[in-house]
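Hi everyone, thanks for coming. I'd like to walk you through one structure today, so please have a look at it while I talk.

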Amino acid sequence: MNILLWHVHGSWTTSFVQGKHRYLIPVNDARDAWGRGRARTFDWPATAEELPLEEIHDADVAIVQRPEELERVPKGVPVIYVEHNTPKGDVPSTRHPMAGRDDLVIAHVTDFNELMWDNGGTRTTVIEHGIVEPKARWTGELGHFAVVTNEPVRRQRVTGTDLFPRFATVAPLDVFGMGVERLTGVTPYEDLPQHRMHAEVARRRAYLHLCRWTSLGLSLIEAMQMGMPIIGLATTEAVVAVPPDAGVLDTRVATLVEAAHWLLEDDAAAAALGARARQVALARYGLDRFLADWDRLLEEETCASR
């Protein structure tokens, strides 16, 4: 199957392009938001091909992730709209931009997102995340905490950036991702290649998930599959992803700070939580299940359009 797919969400796309299909990725000279082409810091197979959009004529289906992409999809090509994000604005009454349509299906990445968006009668489905299992394994040898996030200065309360100092007083806080170099009071690691980031994160004692309002971060699942103990806010889909024996989730930040002290001091407890986190994440967020779910949906939508 030939699948038209813009490079919007690097981590999610890394999993998606591991399937058995041919993935047509628009590219332009500027490599801007409409033509990023192949990823440079992720490992994508050769079946993910970058081409100028005007040269893509044989797509069987289009994966759309932004409303503006719809007008760029060739006529007659069936569309699946992937919604990565939690709603913004008047939650829980925020109307999805694809609400009220009968010409596409919205594929949410979490049940929480499907619940909270007003989909307006448009057909929906949920395909939970699946990831390429990281090669790194947790050691916890450094008495530091790890956070993986993008644009924490601009997004502030969404990413829980204002909570960083609470944990930096317990132990050094190392923040990995894009747009982290402007942070103060922490050690930033700006946009490392994925394999290097995994290796570094796995050396930290625990993974902090401090997002107030976000979809389920793939970096959280990656940390779990590496065997890291989790400390995080009990918000959105995290309460489903991280069971009580895999980490400490709470809406009371003081409780999470106490957990940070505990896991620094108790090696056995940190290892036990991490082992359970890995077991849970491999079972629920494995790549094979993710790709099988997508194959079913792709088959359904292409067959229905014939």
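Predicted model: local features only at pLDDT ≥ 70, side-chain atom pairs only at ≥ 80, totals over all residues.

Now zoom out. What is the strand order of the open sheet? Its seven strands run 3-2-1-4-5-6-7, with parallel pairing. Strand 3 (48-51) and strand 7 (124-126) are at the edges with a single partner strand each, so one side of each has no neighbour in the sheet. On average, neighbouring strands here are turned by 25 degrees against each other, ignoring direction.

There is also a helix lying against this sheet. Helix 10, residues 287-304, packs on it and touches strand 1 (2-5), strand 4 (61-64), strand 5 (79-83), strand 6 (104-108) and strand 7. The direction of helix 10 makes about 145 degrees with that of strand 5.

Let me stay with strand 4 for a moment. Strand 1 is joined to strand 4 by three bridges, in parallel, and L5 finds its bridge partner there in I63. With strand 5, strand 4 again pairs in the parallel sense, over three bridges, and A62 stands opposite V79 of strand 5. So where do the side chains go? In a regular strand they alternate between the two faces of the sheet. In strand 4, V61 and I63 point one way, A62 and V64 point the other way, and all of them are buried.

On to the helices. In helix 5, residues 194-201, the buried residues include Q194, M197, H198 and V201. These residues cover an arc of only 100 degrees around the axis, which places them on the same side of helix 5. Among the elements covering them are strand 8 (142-148), strand 9 (173-177), strand 11 (204-209) and helix 6.

Helix 6, residues 218-225, has another contact for us to look at. Helix 6 packs with helix 9, residues 267-284, at an angle of about 120 degrees, and their axes are 7 Å apart. The two helices are therefore oblique to each other. Which residues meet there? From helix 6 we have I221, M224 and Q225, and they meet G274, A277, R278, V280, A281 and L282 of helix 9. Sorted by class, this contact has six nonpolar, two polar and one charged residues.

That's my tour, and I'm happy to go back to any part of it.

How values were computed. Residues numbered from 1 in each chain as written. Heavy atoms only, no water. Pairing = 2+ DSSP bridges. Helix = DSSP H or I, 4+ residues; strand = E, 2+ residues; numbered from the N terminus. Axes fitted to C-alpha atoms, helices over the stretch in contact; angles between N-to-C directions. Contact = heavy atoms within 4.5 Å. Parallel < 35°, antiparallel > 145°, perpendicular 65-115°, else oblique. Nonpolar A, V, L, I, M, F, W, Y, C, P; charged D, E, K, R; others polar. Buried < 20%, exposed > 50% of the residue type's maximum accessible area, 1.4 Å probe, protein only. Arc of directions from axis to C-beta.
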